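Here is a short report on one protein model. It looks at salt bridges and then at nonpolar cores.

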Amino acid sequence: MPVSASTTFTNLKLEPFMSPDLAREQTVALGPSLSLPRGTVLGEVTPVQTVTISGAPTGGTFTLSCSGLATAPIAYNATSTAVQAALSALGVLNAVAVSGSAGGPWSVTLYPPANTIFPTLSASGAGLTGGTSPAAAVAWASPGYTSWGIYRSYASANTDGSQVAKCLLAYDAQTDAAGNITLSASALQAGGEWGETSLGAPAWFSGIFRCEELSGLDATALAALDGSLIEGTVTQGIVRL
């Protein structure tokens, strides 16, 4: 997650074309190693963890742990439904979604209770048998996107959740490999939270904008943003979100 900010002195911001008092802006976190111009259409990446069984076991079980609790033993060739049921039985999550073929790999999306730290899964393959050094492991499907509320540039061809447009980046912004954000000088000089340490980048969730000032807007994004064209096209026109 972003933890610090410094100035680049670009002093530029995406501004609503009209009625700025009706536009809605709020802070969003950005993913790692990004360099995005103001006006970039953003999508929220779904935090997915991938559980993989290696070593071609022919029997036995593995376990998954979440928030300090371990599941009951899960068969080496379990279906996604069985993995989902084992995680749900822990009782520490609002919901769990698991997909994948029997025997894995399985894609796991966790929905923790509100205002709790997002849980990271761990795995133990000590109960697996057969094959060659069988093991169970967990990894993030998109490293750097390890909780809800982290954004990257939208594209309709993406498959990580960012194929759904959510908002427009207000300032030019860059992030390092850890997700730390560098904001333009005007953002930091605006006072309040921007004049201190910024934990995210400002983004517009509604407003009226010139399409030529936006990057990545297409008909699919416009629909997801619940927007409409006032005039022109999505490349040369005026759009209301």
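## Salt bridges and cores

Glutamate 25 has a relative accessibility of 31%, so it counts as partly exposed. This is a predicted model. Lysine 13 is also partly exposed, at 24% relative accessible area. The side chains of glutamate 25 and lysine 13 form a salt bridge (3.1 Å, N to O). Glutamate 25 sits in strand 1 (residues 24-30) and lysine 13 in the segment before strand 1, so the pair ties together parts 12 residues apart in sequence.

The whole structure holds four salt bridges. Three of them are listed here, including the one above.

| Glutamate 25 | Lysine 13 | 3.1 Å |

Aspartate 172 and arginine 38 link distant parts of the chain, 134 residues apart. Aspartate 172 lies in the loop between strand 14 (165-169) and strand 15 (173-175). Arginine 38 lies in the loop between strand 2 (35-36) and strand 3 (41-44). Aspartate 172 is buried at 13%, while arginine 38 is partly exposed at 29%. Aspartate 160 is buried at 15%, and arginine 152 is partly exposed at 25%.

Now the cores. The largest nonpolar core has 22 residues. Phe62, Val83, Leu87, Trp106, Val108 and Leu110 have the most contacts inside it. Elements giving two or more residues to this core include helix 1 (80-88) and strand 9 (106-111). A second, separate core has 18 residues, among them Leu14, Trp204, Phe209 and Leu214.

Leucine 110 touches residues beyond its neighbours within four places in sequence. Its contacts include Gln49, Cys66, Phe118 and Trp148.

Terms used. Residues numbered from 1 in each chain as written. Predicted model: local features only at pLDDT ≥ 70, side-chain atom pairs only at ≥ 80, totals over all residues. Heavy atoms only, no water. Core = buried A, V, L, I, M, F, W, Y, C linked by side-chain atoms within 4.5 Å. Buried < 20%, exposed > 50% of the residue type's maximum accessible area, 1.4 Å probe, protein only. Helix = DSSP H or I, 4+ residues; strand = E, 2+ residues; numbered from the N terminus. Contact = heavy atoms within 4.5 Å.
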